[in-house]
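Open the model in your viewer and keep the selection panel at hand.

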Amino acid sequence: MKRKLNPLIVLFLAGMLLITACARNPVTGRRQLMLMSENQEIQLGAEYDPQVIAMFGEYKHEPLLNLIREKGTEMGKISHRPHLQYHFRILDSPVINAFAVPGGYIYLTRGILAHFNSEAELMGVLGHEMGHITARHSVSRQSKAQLGQLLLIGGMIASEAFRDYAAYAMEGMQLLFLKYSRDDEREADRLGVEYTTKIGYDSQKFAEFFQLLVRMNLASDHAGIPTFLSTHPDPGDRYNTVSRLALEWKDSLGLDSWKVNENNYLQMIDGLVYGEDPRQGYVDGHVFYHPELRFQFPFPTGWRLENSPMQVSISPQDGKALIVFTFARGNNLEEAAQATAQQLSLNVQETRRSTINGMPAIITLSTQTSQNPNTGQQQTISVLSAFIDDSGSYYVFHGVSMQEDFSGYRSQFESTMNRFAKLTDRSRIEVTPERIIVRRVERAGTLSDAFRSMGVPQSRMEEFSFLNNMELSDRVEAGQLVKIAGGGSR
């Protein structure tokens, strides 16, 4: 069955077909084959940006965003693409990451902002991501992965590559964090140092931030390694190289002092949401609760749940099935069911009206037949959908598996769908996230001494030492600012 392509995919394919000439790389000056023109790149970024926001959510913090915009714009003007308009976003994600997409769009998660300890560190990462854009790394890298990613972002859960999709769903937010080549990373490091130093910041702090990678690699509970801190090249080598470049740039510019602004930055992030925000949904005992939207539903034991602003994806370890929960678009249930079937090119075989915990519902059973891209053979996917009217808010569950596996998963799909309910428990609704708390050290000593005096439990000391990019045995001075977290309730 023919699928209507996402307009962004059409734009991407059209750009690929129109490649007929070489262009000069803005950084190296060398002529090279570009995957798309600058205008196409800008248009791609403009269309891609709202989909990124839809997937992750945007975190509102005006002081931080104003700082990033002001310094990022200043950095852009001294970059190798000074006429490009740069756009900066803070994403509402606890994952420690930053990435760029074509057209000048740079994203930093609140997770990575929580782990910076100065403005200089922030500027180094900002400069690195800008370097990927100015050298047009993001054009070539994201173009190669764009088609598959856009299918996922568009919510097309019944794609012909279902098994791959199930794996992607388990990857969650890491889907967009593309790994560049060794040469690309080294060039972005170099440009990050250059841009950071040219706007007056101590780029040595950018080098020091690479030390975080070592601890992230050693600590299994710190997932989501930043794109620029990928495991290649070796982080130790990159630390040494960036340190050397920082000294060379500082010597060449010869300023009397360099901005670090540690205390200013730490005071600015005081109160930043830390970790998962339960207001946007959380799991407790294999039940998913959403306090803001006031609903709850269980999911199968042993399945993994990934929550995003756009949808909830739940899949078993073997990746042979998938439950997707998302918004249903339409003025009523009938319209939502029909529009969804058309959008996903589903062949609806059964439709019946029902109620789920007192809420009107429409249940459909559909199939989709497509060609396996690996074998060239026809394959059929079965989709059980439950459209639910929750007081005028329309939701849909899709239970998806290959047709030959469907009977083995149907009862699990139905158990989740039929137990969707309104959330009325005040203790489940009135939850709050943890936030960054910036405290002054009272007496000189070790970081562990400082944490102990602040009432930090032993079980969280290592976590908070990581948050400060320090060791518990490191010395801190009286009056020094350090970060802890607290205040949340679940």
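Predicted model: local features only at pLDDT ≥ 70, side-chain atom pairs only at ≥ 80, totals over all residues.

Residues are numbered from 1 along each chain as its sequence is written, and side-chain values use heavy atoms, with hydrogens and water left out.

Now colour by accessibility. Of the 490 residues of the chain, 56% count as buried; buried means under 20% relative accessible area, exposed over 50%, and partly exposed in between (1.4 Å probe, protein chains only). Among contacts with a separation of 6 or more, 67% are between residues 24 or more positions apart, a contact being heavy atoms within 4.5 Å.

**Stop 1: helix H3 and its neighbours**

Select residues 62–77, helix H3, together with residues 119–134, helix H5. These two pack with their axes 11 Å apart, at an angle of about 50 degrees. Axes are lines fitted to C-alpha atoms, for helices over the stretch in contact, and angles run from 0 to 180 degrees between N-to-C directions. That angle makes H3 oblique to H5, because angles under 35 degrees count as roughly parallel, over 145 as roughly antiparallel, 65 to 115 as roughly perpendicular and the rest as oblique. Show side chains for Leu67, Ile68, Lys71, Gly72, Met75 and Gly76 of H3, and for Glu119, Leu122, Met123, Leu126, Gly127 and Met130 of H5: these make the contact.

Pro63, Leu64 and Leu67 of H3 meet Tyr265, Met268 and Ile269 of H12.

**Stop 2: a four-strand sheet**

Next, find the open antiparallel sheet with the strand order S7-S8-S9-S17. S7 (282–283) and S17 (421–422) stand at the edges with a single partner strand each, so one side of each has no neighbour in the sheet. Select S8 (residues 287–290) and S9, which pair in the antiparallel sense over four bridges; two strands pair if DSSP finds at least two bridges between them. Val287 stands opposite Pro298 in S9. In the hairpin of S8 and S9, with four residues between the strands, look for Arg294 and its positive phi near 60 degrees.

On to S9 (residues 295–298) and S17, an antiparallel pair with two bridges. Which residue in S17 is the bridge partner of Phe295? Pick Lys422 to see that partner, then Gln296, which stands opposite Ala421 in S17.

**Stop 3**

Finish with H17, where Arg460, Met461, Phe464, Ser465, Phe466 and Leu467 are buried. Asn469 lies in the loop between H17 (458–467) and strand S20 (475–476). Its phi is positive, near 55 degrees. Is Asn469 buried or exposed? Its relative accessibility is 15%, so Asn469 counts as buried. Select everything around Asn469 and, leaving aside residues up to four places away in sequence, you will find Asn117, Glu208, Phe209, Gln211, Leu212 and Arg215 in contact.
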